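Open the model in your viewer and get ready to select residues. We will go from stop to stop.

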Amino acid sequence: MTDERDDSEIVAELLLHWERARQGGDTPDVDALCANHLEFKPELLRRIKSIERMEGRLGVTVSTRPQDASDNAGSSPPADVPGYEIECLIDRGGAGLVFKAVEIALQRTVALKMLAHDFPQADHLERFRREAEAIARLQHPNIVHIHAIGDAGSRPYYAMEFIDGGTLADQIRRRTGSPRETAELVSVLARAIENAHQAGIVHRDLKPSNILMTIDGTPKIGDFGLAKHLDVETAHTRTGDIIGTPAYMSPEQAGGDTKSTGAQTDIHALGTILYEMLTGSTPFPGRSAIHTLQRILTEHAVFSKRSHAGIPQDLQAICLKCLEKRPQDRYSTAADLADDLDRFLSNQPVTVRSPSRLSRMRRWVRRHPAWSVTLVLAVAELLFLLSSWRQSHAEALAIQQRAIEVAPQAREVLERNCAPCHGLKRRERELDVLDHRLLLDSNRRLVVASSPESSRLIQRIEDGSMPPEEDELIYPRVSQQELVILQDWIAGGAPAFGDTSSKPVVEYSALAMTVKQIFHEKCYNCHRYDVAEGGIKILHHRLLTDVRRVVVPGDPSNSELMQLLTQQHAKGRMPPIGSPQLSPEQIEDVRFWIELGAPPFPMGPSIEMSNR
Amino acid sequence: MQEFLASNQLAESLKRLVQGDANARDDVLEYSGERLRQLTRKMLNDFPVVRRWSETDDVLQNALLRLLNALQTLQPANERDFLGLAALQIRRELIDLARRFKGPHGLATNHDSNPAEDRLHQPLTTFDPADLAQWTEIHEAIGELPDAEREAVDLIFYQGLSQDDSAGILGVSVRTLQRRWHSALVRLDDRRTR
């Protein structure tokens with residue numbers, strides 16, 4: 001064994017010589033390297049071949065020097081852009097640069113946009129061309145106009161009108177507009193974006209900083225870098241922008257569902273702009289990018305009754321319609337939005353609700369306050385009684401229906417967790433859990449139809465005595481998901497099992513197995529079933545997630561377990577200082593497992609930690 | 001990459017992150033975003049079929065969202081931990097992605113070229129399920145390397161660092177780093193040809 005290791009060390013050393021030679025630009029001479037160790041030549045050649053093969057597969061060019069100087073190269077304009085005289089850089093972002101320049105022939109100032117690199121990547125090039133084509137297809141007074149498209153050396157560029165009144169973002173920073181001014185401006189933007197939609201183009205990155213303002217206050221939509229053709233399947237996103245400015249994302253973008261982005265995505269963005277112009281703040285400001293994304297996905301936009309009292313109700317309703325979570329609940333087209341804004345501006349009823357009817361009701365209530373209260377109470381009580389009756393009847397039906405639906409799954413749960421000892425092959429206590437008749441035997445009270453709490457099956461699972469705790473390394477505790485299936489099945493009368501379930505209740509999760517290994521290796525000594533007593537039994541999944549709730553599935557940051565694992569101070573840290581600690585990767589595995597919903601531990605022994 | 005690593009701002013942000021400043025998370029991502037994007041693109045370059053269905057930056061966005069989520073809970077103590085975490089997220093995203101596409105019911109089945117790229121005069125590429133499977137296996141195999149070797153691969157392959165920089169981050173000599181790199185590659189190749 002020692003000899004083998006020594007041999008391997010020698011080959012490793014020879015490889016270092018080979019490495020030095022190849023990095024020095026020489027062709028390594030294997031024969032010379034092995035002059036004193038000829039017997040190692042075959043092994044050395046084998047390893048060299050392996051290394052070269054893998055480096056080729058990974059696309060890695062090994063060097064002691066930094067590899068990607070070219071990545072940062074060329075953020076300056078090319079020396080010469082034919083026909084233009086470049087004055088200065090006015091903006092940069094992502095892969096593009098925008099210069100202020102003079103078009104020599106016409107002596108007019110233009111904005112020259114080009115890629116930052118001399119040898120652009122294919123996808124940058126494609127996106128850049130897509131943007132130029134998108135804008136060039138659009139002819140609208142409120143969309144930035146392109147004068148020319150060309151190539152300067154290896155870099156494509158396009159020249160567009162130069163607009164020097166700042167952006168809408170600057171304007172919002174200075175002051176919020178009056179409701180009427182705001183409605184007028186957003187209506188103009190909506191008409192412009194409708195023009196783009198008609199041409200089959202969705203902008204997908206509408207935000208105040210992408211809306212340029214002329215000196216006379218005319219808005220012009222620019223930066224179509226994320227634009228998507230409605231009739232083309234591929235969807236480019238630019239991460240820097242999305243991650244950097246999530247405040248203007250729609251729920252479908254925030255959820256990463258790029259396939260669902262369409263015209264309604266732009267309508268959502270217009271709603272966000274409208275909201276910001278009216279209130280001075282976007283609808284979902286967050287402490288961080290991820291917090292904002294979470295709010296966009298889960299919260300509904302509202303106007304505060306107190307601080308936004310001056311904003312007309314109709315305009316609020318229009319804005320909230322744009323900000324609906326589901327695209328289909330927003331305006332169908334940007335033109336519909338513009339029309340409603342115009343109706344608001346001309347004091348006509350808007351489509352999002354009927355103010356005249358509301359006003360009539362309000363007036364009636366003011367004239368008959370006592371009657372109003374009595375009427376409302378009577379109607380409410382009637383509705384309550386009616387709904388209670390319907391609810392209880394519907395609930396009973398639903399419980400039965402649910403039991404029939406989960407019966408095959410209940411069988412699968414029993415088969416997996418109980419049948420190894422109480423099944424056809426091994427009938428401990430004369431019990432085969434898959435024999436429906438035996439299971440419902442009234443003497444045994446294993447399953448008492450319609451009464452999960454009286455069923456011994458459920459009691460034994462809940463008190464942890466089944467499957468036997470001493471087997472916990474192989475048979476995991478019944479997870480909460482599985483327990484609920486059994487409870488639902490019994491609550492609905494424990495109907496016959498029906499067909500075998502095609503899909504397991506608990507899917508095998510490799511990550512859960514990894515986490516089980518980690519717990520086994522690092523926590524089990526102090527948290528095994530017979531040591532932990534009233535404390536945490538680390539392999540008892542249901543105890544972690546539902547009984548003691550130290551793991552909140554889907555929410556690592558609120559999981560006490562994560563707080564203990566990442567505790568900076570010695571006090572309260574788990575595992576305690578002095579015990580083998582979890583590596584950062586193992587902690588991340590645990591965190592990710594929780595984020596994915598903490599899938600239950602699979603059955604079977606945890607595999608030995610391979611050579612780690 | 002030098003610029004990325006030498007960036008005082010990144011080092012400063014990481015320091016703030018370690019001290020518990022939640023805002024530092026966004027800064028750290030901003031500084032590293034460009035590098036991560038290059039990596040993802042590099043890795044996807046060989047697989048036009050994947051790019052057809054999920055653009056490079058979509059992959060990266062998911063990886064960054066995962067990283068953001070991870071940073072909500074974990075506080076990398078130093079650059080080494082941060083870069084390791086970043087590599088882990090990219091690896092996971094790519095593995096998930098490949099799983100989604102390969103196999104008889106994968107999204108990519110029966111789609112054998114990227115029409116958009118054909119138009120852009122790219123070489124006509126054909127979908128080879130075996131390639132995609134191997135690609136997944138490589139990332140999975142990297143995840144299962146012994147810690148020291150995996151860290152070397154994380155830094156050189158996933159983070160695109162030079163051997164000097166990698167050795168500096170790990171606090172080992174360049175020779176040690178090279179040993180680990182060689183050993184990792186031989187192990188990966190052995191596993192592949194096994």
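Begin with Glu13 of chain A. Glu13(A) is partly exposed, with a relative accessible area of 25%. Keep in mind that this is a predicted model.

**Stop 1: across two chains**

Arg179(B) is partly exposed, at 27% relative accessibility.

Widen the view. Select Glu9(A) and Arg175(B) as well: together with Glu13(A) and Arg179(B) they are linked in a network of salt bridges. Over all chains, the structure holds 32 salt bridges.

**Stop 2: within one helix**

Select Glu19(A) and Arg22(A). Both lie in helix α1 of chain A, three residues apart, which is about one turn of the helix. An α-helix has 3.6 residues a turn, so residues three or four places apart point the same way. The side chains of Arg22(A) and Glu19(A) meet in a salt bridge, 3.0 Å from N to O. Which of the two is buried, and which is partly exposed? Glu19(A) is buried, at 0% relative accessibility. Arg22(A) is partly exposed, at 22%.

**Stop 3**

Next, select Arg416(A) and Glu482(A). They form a salt bridge, with the closest N and O atoms 2.9 Å apart. Arg416(A) lies in helix α14 of chain A and Glu482(A) in helix α17 of chain A (residues 480-491), so the pair ties together parts that are 66 residues apart in sequence. Arg416(A) is partly exposed at 24% relative accessibility, whereas Glu482(A) is buried at 3%.

**Stop 4: a kink**

Show helix α14 of chain A, residues 369-417. Where does this helix kink? Look at Val406(A): a kink of about 45 degrees lies there, shortly before the proline Pro408(A). Val406(A) and Pro408(A) are both among the buried residues of α14(A), which also include Ser372(A) and Asn417(A).

**Stop 5: two packed helices**

Last, select helices α11 (residues 313-322) and α12 (residues 334-345) of chain A. They pack at an angle of about 170 degrees, with axes 10 Å apart. That angle makes α11(A) roughly antiparallel to α12(A). On the α11(A) side, the contact is made by Asp314(A), Leu315(A), Ile318(A) and Cys322(A). On the α12(A) side, colour Leu337(A), Asp340(A), Leu341(A) and Phe344(A). Six of these contact residues are nonpolar, two are charged and none is polar.

Methods: Residues numbered from 1 in each chain as written. Chains lettered and ligands numbered in written order. Predicted model: local features only at pLDDT ≥ 70, side-chain atom pairs only at ≥ 80, totals over all residues. Heavy atoms only, no water. Axes fitted to C-alpha atoms, helices over the stretch in contact; angles between N-to-C directions. Helix = DSSP H or I, 4+ residues; strand = E, 2+ residues; numbered from the N terminus. Parallel < 35°, antiparallel > 145°, perpendicular 65-115°, else oblique. Contact = heavy atoms within 4.5 Å. Nonpolar A, V, L, I, M, F, W, Y, C, P; charged D, E, K, R; others polar. Bend = angle between axes of the 7 residues up to and from the residue. Buried < 20%, exposed > 50% of the residue type's maximum accessible area, 1.4 Å probe, protein only. Salt bridge = Lys/Arg side-chain N within 4 Å of Asp/Glu carboxyl O.
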